[in-house]
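The questions below concern the model shown here. Each answer works towards the value or name asked for.

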Amino acid sequence: VFQIAARLLREEKFDLLYTHEEAAYFGVLLARRAGIPHLYDMHSSLPEGFGNYGWRLGPLLPAVRAAERWVLRNVDGAIAVCQALAEHARAVAPDLRVTVVENAPFDMLSGRDDLPGDGKEAENAAAPPLYCGGLDRNQGIDMLIRAAAAGRSLPPLDVYGGGPDQIEAARHMAAKLGVSGRINFRGRAPFEVVWGAMRRSRALLSPRVAGNNVPSKVYYYLRAGRPIIATDIHAHRQVLDGSCALLVRPDPEEFAAGLARVLNDPALASALSSAARRRYEERHTFDVYLEGLRSALEPWVGGSKRADRRAEYGVGVAGSV
């Protein structure tokens with residue numbers, strides 16, 4: 001990727017280098033060589049991310065933190081996907097222009113905003129409670145399995161996501177706790193399959209236990225308009241509150257009790273469903289996302305005749321890494 005980007009920057013004239021995640025680390029050098037501004041799309045803090053995913057860096061941690069400081073102090077601007085990440089970036093580089101642009105629920109592969117089934121009532125909105133996302137330890141999959149064991153009267157749960165080794169480890173834990181038959185590990189599935197399952201689910205689950213970034217699944221959960229049960233941690237509190245989700249302590253028994261409460265109280269489930277969709281419509285639509293991108297890009301490409309078209313497609317530069 002570095003070689004391709006370097007070649008493009010030699011052969012063509014660009015307004016701005018737009019990098020995503022770890023590409024910013026070599027993007028600093030490329031932008032400096034090309035003499036153009038550099039905008040860093042920061043979806044996570046690398047040092048924090050290593051810890052969240054179970055990497056023990058030990059003596060390497062200071063070097064990783066130093067590398068992140070170097071990037072943040074040598075880019076011209078940053079996009080942060082949540083307020084907590086923006087605060088972190090500003091603490092490291094107080095003079096950096098940081099724009100918060102939260103994730104929007106749209107088809108990441110096609111860039112389409114019209115997701116399957118939009119505008120229609122979900123058929124049989126009584127499918128199993130559902131978790132969708134990674135099976136890394138920070139996502140709380142262990143706690144979710146323990147919650148299934150604590151809530152013996154709960155219906156079977158559907159779990160989408162995870163790699164083969166992670167699924168095998170989760171199945172082993174479920175077997176050890178005697179709940180193998182009550183958690184269906186579906187693995188990775190096509191987007192339209194998971195999205196359809198979300199829209200039909202009796203409840204959508206986010207048991208995250210660590211990290212400050214908002215789980216991207218939450219935005220899809222809101223758009224699906226189904227009851228959300230989530231842990232009451234800062235990562236969720238940046239988007240969710242008690243009016244649109246049931247927030248519970250990150251504890252297996254508390255999580256199980258919260259899910260049981262929603263499943264056994266149709267009025268509460270209906271109120272949470274309506275509030276979730278309303279929260280999406282008010283704060284997290286694709287148009288809001290595009291407006292955030294336009295704001296982030298405006299200092300560098302706002303005067304360009306191509307700027308509006310770039311932002312319209314969610315691409316803020318003539319070339320990106």
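Q: Is D113 buried, partly exposed or exposed, and what is its relative accessible area?
A: This is a predicted model in which local features need pLDDT of at least 70 and side-chain atom pairs count only at pLDDT 80 or more, while totals for chains, interfaces and linings use all residues. Residues are numbered from 1 along each chain as its sequence is written, and side-chain values use heavy atoms, with hydrogens and water left out. Buried means under 20% relative accessible area, exposed over 50%, and partly exposed in between (1.4 Å probe, protein chains only). D113 is partly exposed, with a relative accessible area of 27%.

Q: Which residue meets the side chain of D113 in a salt bridge?
A: A salt bridge is a side-chain nitrogen of Lys or Arg within 4 Å of a carboxyl oxygen of Asp or Glu. The N to O distance here is 3.0 Å. The pair links distant parts of the chain, 110 residues apart, with D113 in the loop between β4 (98-100) and β5 (130-132) and its partner in helix α9 (residues 217-224). Helices (H or I, at least four residues) and strands (E, at least two) are DSSP runs, numbered from the N terminus. The partner is buried, with a relative accessible area of 5%, and is R223.

Q: How many residues apart in sequence are the parts tied together by D241 and R279?
A: The side chains of D241 and R279 meet in a salt bridge at 2.9 Å, N to O. D241 lies in the loop between α10 (234-237) and β10 (246-248), whereas R279 belongs to helix α12 (residues 266-283), so the parts tied together are separated in sequence by 38 residues.

Q: Which residues of strand β7 form its covered face?
A: In a regular strand the side chains alternate between the two faces of the sheet. In β7 (residues 183-187), N184 and R186 make up the uncovered face. Leaving aside neighbours within four places in sequence, I145 is in contact (heavy atoms within 4.5 Å) with residues including I183 and F185. The covered face consists of I183, F185 and G187.

Q: What is the handedness of the crossover from β6 to β7?
A: Strand β6 (residues 157-160) pairs with β7 in the parallel sense over 4 bridges, where pairing requires that DSSP finds at least two bridges between the strands. Y160 has G187 as its bridge partner in β7. A crossover is right-handed if, with the strands pointing away from the viewer, the path from the first strand over the helix to the second runs clockwise. The chain passes through helix α7 (residues 164-176), and this β-α-β crossover is right-handed.

Q: Which residue of β2 is the bridge partner of H20?
A: Strands β1 (residues 17-20) and β2 (residues 38-42) pair in the parallel sense over 4 bridges. Together with helix α2 (residues 23-34), they make a right-handed β-α-β unit. The bridge partner of H20 in β2 is D41.
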